[in-house]
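Visitor: I am new to this structure and would like a close look at a single part of it. Please take me through that part slowly.

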Amino acid sequence: MTEPAAAPMPHLAALGPFCAFETHTEGSELTPPWRKLSELTEEGNGVLRERVASVRASLAANYGSPPEAVEQRVAASVAHLGLMARVISPALGLATLHGLPSRPLTLGDLRWGSSLGGAFRLSLPREAATPVAAEGVRHGCGAGSDTRPVSTLAEDLLAGPVHDLVAAFAPFSVSRHILWGNVASAVNGAATGITAAAPSLAHPARATALSFLQHPQLRNTHTLGPHNTRFTRRSCCLIYRAAPGDAGALCGDCVLLHGRGGGGRGGR
C-alpha cells in the first residue's frame, strides 16, 4: 500500500503543497483512496469526464450558477491546468533541490487522491523518485559533469505523462494551443511558487523552468521579458468564462491581460 510519508525529500514539502508528494513501493498493491493517474487517459471508464464535471460544478457554484452555465470546455481547460500543476511541480522541485528522478515517470507510476480544491494527494514510486544527482543537475549540456541535463527531465515529462494528458483533454473541444499553454503556465507557476517559498532557490528554480520552456513543445506557448523575468502565455486558460457574462478575472500571465494576440476575449 502507499506509505504515509510526506515526501522522500523533506525539503520538498517546504516548497509548497504542489511540490510535496508521498511515496509507494513500485508494484505495490493499490489501495483506496489511491487511484492510478493513468485512469484519466483510459477510454470508456468515465474518470476524466467525472473530473471535468466536478470542476464544472465547482466553478459554477462559485457564482451561484447551475453547472450547465459553465461551458464544458472551460471546465476541461481548468481541470487540465490543475492536473498539470500537480504533475509538474514535484518534478521541478526535485530537480531544483536534488537531481533528476532515476528514470522517466509514466502516468501508471503516479497515484492520486482525486479531491478538488488545491493540491490533491500525489504519490510517486520511491525507486523512481530517488534522484540520480545528489548535488543537483546541469542546466546546460556542456562536458565535464557526470549528471544529466535537466532538459532530459523536460523531455521525459513532456513526451510522456504531459503529452498523454493533453491528448486526453483535446476531445473536450479545448485547442491544443490552450492545453500546451496550460503546461507552460504550470511550469512557470511551479518556479514562482518555489521562489516564493525559498528565495535562495530562485536561480536554480528559474533555470530548471527555462529548460522546460525552451523545449520545442513549449517554445511557442509563451513570451519571456528581458532576462527571462516576465512570463506571458500566448493563450488563455478560459477560466474568466466561468463567470456570468464572461466577466471573470484574468490570470496574471494571461495573453488577454497584456493585450496581445488581438481579437478580444472570446474563442481562445
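Visitor: Which residue lies over the face of F120, and at what distance from the ring centre?

Guide: The model is a predicted one. In it, R86 lies over the face of F120, at 5.9 Å from the ring centre. F120 itself is buried, because its relative accessibility is 2% and the cut-off for buried is under 20%.

F120 also has an aromatic partner. A search of the whole structure finds 2 aromatic pairs. One of them joins W112 and F120: the ring centres are 5.2 Å apart and the planes stand at 70°, so the pair is edge-to-face. The cut-off behind that word is an angle over 60 degrees. W112 is buried as well, with a relative accessible area of 1%. The other pair is F169 with F172, which is tilted, with 6.2 Å from centre to centre and 40° between the planes. F169 counts as buried at 0% relative accessibility, and F172 is buried with a relative accessible area of 6%.

Strand β3 covers residues 111-112 and strand β4 covers residues 122-125. These strands pair in the antiparallel sense, over 2 bridges. W112 stands opposite L122 in β4. In general, strands of a sheet pair through backbone hydrogen bonds, in either a parallel or an antiparallel sense. Here the sheet is open and has 4 strands in the order β1-β4-β3-β2, with mixed pairing. Its edge strands are β1 (22-24) and β2 (35-36), each of which pairs on one side only.

L122 then leads on to a cavity. The structure holds 1 cavity of 30 Å³ or more, and about 40 Å³ of space lies in the largest cavity. L122 is one of the residues that line the largest cavity, together with V87, P90, A91, L105, L110, L124 and L157. By class, that lining has 8 nonpolar residues, no polar ones and no charged ones. Helix α3 (72-97) and strand β4 each supply at least two residues of the lining. The largest share, 3 residues, comes from α3.

Notes
Residues are numbered from 1 along each chain as its sequence is written. This is a predicted model: local features need pLDDT of at least 70, side-chain atom pairs count only at pLDDT 80 or more; totals for chains, interfaces and linings use all residues. Side-chain values use heavy atoms; hydrogens and water are left out. Rings of Phe, Tyr and Trp (its six-membered ring) pair if their centres lie within 6.5 Å; planes under 30 degrees apart count as stacked, over 60 as edge-to-face and the rest as tilted. Buried means under 20% relative accessible area, exposed over 50%, partly exposed in between (1.4 Å probe, protein chains only). A charge sits over a ring if NZ of Lys or CZ of Arg is within 6 Å of the ring centre and within 35 degrees of the ring normal. Two strands pair if DSSP finds at least two bridges between them. On a 1 Å grid over the protein atoms alone, a cavity is a set of points where a 1.4 Å probe fits but cannot get out, and a pocket is an open set with protein on both sides within 12 Å along at least five of seven lines; lining residues have an atom within 4 Å of a point. Grid points are joined across faces, edges and corners, and a volume is the space filled by probe spheres set on the points. Ala, Val, Leu, Ile, Met, Phe, Trp, Tyr, Cys and Pro count as nonpolar, Asp, Glu, Lys and Arg as charged, and the others, Gly among them, as polar.
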